[in-house]
Amino acid sequence: MNETRQSQVIVITSGKGGVGKTTSSSCIATGLAKEGYRTVVVDFDIGLRNLDLHMGCERRVVYDFINVVNGDVKLHQALIKDKRVSNLSILPASQTRDKDALSKEGVNNVLSQLREKFDFIICDSPAGIEKGAFLAMYHADQAIVVTNPEISSVRDSDRILGLLSTKTQKAEIGEQVKEHLLITRYNADRAEIGEMLSVKDIAAILSIPLIGVIPESEAVLTASNIGNPVINFPQTDAGQAYSDVIERLLGKKTKLRFVSPKQQIWEKFLNVFKRDKSQQEEIL
Amino acid sequence: MERASRAFNVKAFMYNSVVIELVSNNVSDINKQLTDTKRQAPKLFENQATILDFSKLEATTDMPSLETFKTMLGNNGFSLIGIHAPPTQIESENRNNAVKLHVFNQLIKKQAATQKTQPKTAHQAYIHCGPVRSGQQIVKKHQDVIIFGNVSPGSEVLSGGHIIVHGALNGKAFAGINGNEMSEIISMPSRPELISIASRYLKAPSRTQTTNQYVRFTLCSDNIVIEQII
């Protein structure tokens, strides 16, 4: 392995299903590739393949991850080059097999080959704590734990963080996987009135550094339906939030956005009026 | 050379069990109390491994059969794994059973008595830095446990001595698991799932924590007492 290249394996995980792991994987991989890094995104959700749909390459899947693990084909035969971003490749999961088709040695072999070709390897973990999720996190250098602002999602993420600190290759040699917290489907207005866990609450429970907050946005569903990651739509809130995540992942200090309630113009006016009135009352 | 295939692995295992110390042999009273206990914490006692302790019972002729105890416990979700100080009738019934229950020679009470009379050499406390995550378990049978971090819901801390948490204790804490009734649990404001000191337990204390004061759980006359300190 070329040590100077310092390729990084990043697992996108959560424990709970439906929180936005695949959406985040596709956006983070696309974002890193747009920044000029050679990036591959690997779908570990064997039997429930979805990443190809998010990336819009479902009609181009010929060979898959399991074919490479089993040695049926060469790695380059299974990799699909993204049509929008030149540095990006996708390694899709098998839809006809299950997670037992993965083996630790097989995954290790594939990741070693990927480390030689790419700067970033994004592993899209399946939900749960079964074999697929375990193998997705086992080789990770960094982990992005995706959480929705709801208590069940936070608890599952806490469980995953426990596994990351004990069941990874890094943990076995006494090192630590670098952990990041990504909150998705956040609605600042609902958090403000106590209908949803706030960013502060989630960060306090999970006690790991926050890498980003993705606001609840209709654009995410639209983007996934057309097979184009929402980060490719910079005019949307979610697209901008994912771009911020990429900047933070690359070490830049970007201010957190979309965490305060949106104020309507009339509300701003009303607040100014209220402030004036209270000041008047104080004077009186 | 081909290795012989293994039929099983031998592994160490520790499992929490409850001791039901019988003070009456009245079947209806026992059944009623079991039902009440189960109702207080259904999930906690679901399939709970249970040891039946006969040491406090007077030897009588109208002792219910072992099968009756098994059925009673089973109906209430408890799983009987052993007996302690069984009367002759229960012991012979167990001996004649195809699947015998384990007969425990010594339970925690006796160990507690020796601990009170014979002060032991101080053991070094176990210090854990960082959060205890959901699903994780810290077990230190002969040490105090000090944690710098939060104890998440779904995690467990078991200690033979004290448990001190410099963070929120939102999981389960078992202090004095060897029967040391002097053990204490101290934590920052939190909502623990379960507090246990020397086998006495307090489930989900509903105290609303609004201050920054530490909370101390101690055992006083078989009851767990909560007080705010510092």
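Here is a short walk through the interface and the salt bridges of this predicted model.

Let's start where the two chains meet. On one side, 12 residues of chain A are in contact with eight residues of chain B. Together the chains bury about 740 Å², of which 36% is on carbon and sulfur atoms. Arg155(A), Asp158(A) and Arg159(A) supply 57% of the area that chain A buries against chain B, more than any other three residues.

What holds hands across this boundary? There are two salt bridges between chain A and chain B, and in one of them Arg155(A) pairs with Glu193(B) at 3.6 Å, N to O. Seven residue pairs are also in polar contact across the interface. On the side of chain A that touches chain B, helix 7 (151-164) and helix 10 (199-206) are the elements that give two or more residues, and helix 7 gives the most, with five. That side has five nonpolar, four polar and three charged residues.

Now look at the structure as a whole, where 15 salt bridges are found over all chains. Within chain A, Arg257(A) and Asp244(A) meet at 2.9 Å, N to O. Arg257(A) sits in the loop between helix 12 (237-249) and helix 13 (265-283), while Asp244(A) belongs to helix 12, 13 residues apart. Asp244(A) is buried, at 6% relative accessible area, whereas Arg257(A) is partly exposed, at 35%.

Chain B has a salt bridge between Glu184(B) and Arg216(B), also listed at 2.9 Å, N to O. Glu184(B) lies in the loop between strand 10 (172-175) and strand 11 (185-188) and Arg216(B) in strand 14 (residues 214-220), so the pair ties together parts 32 residues apart in sequence. Finally, shared partners join Glu181(B), Arg200(B) and Asp222(B) into one salt-bridge network.

Terms used
Residues numbered from 1 in each chain as written. Chains lettered and ligands numbered in written order. Predicted model: local features only at pLDDT ≥ 70, side-chain atom pairs only at ≥ 80, totals over all residues. Heavy atoms only, no water. Contact = heavy atoms within 4.5 Å. Buried area = accessible area lost by both parts, 1.4 Å probe. Salt bridge = Lys/Arg side-chain N within 4 Å of Asp/Glu carboxyl O. Polar contact = N/O pair within 3.5 Å; in protein donor to acceptor, adjacent residues only side chain to side chain. Helix = DSSP H or I, 4+ residues; strand = E, 2+ residues; numbered from the N terminus. Nonpolar A, V, L, I, M, F, W, Y, C, P; charged D, E, K, R; others polar. Buried < 20%, exposed > 50% of the residue type's maximum accessible area, 1.4 Å probe, protein only.
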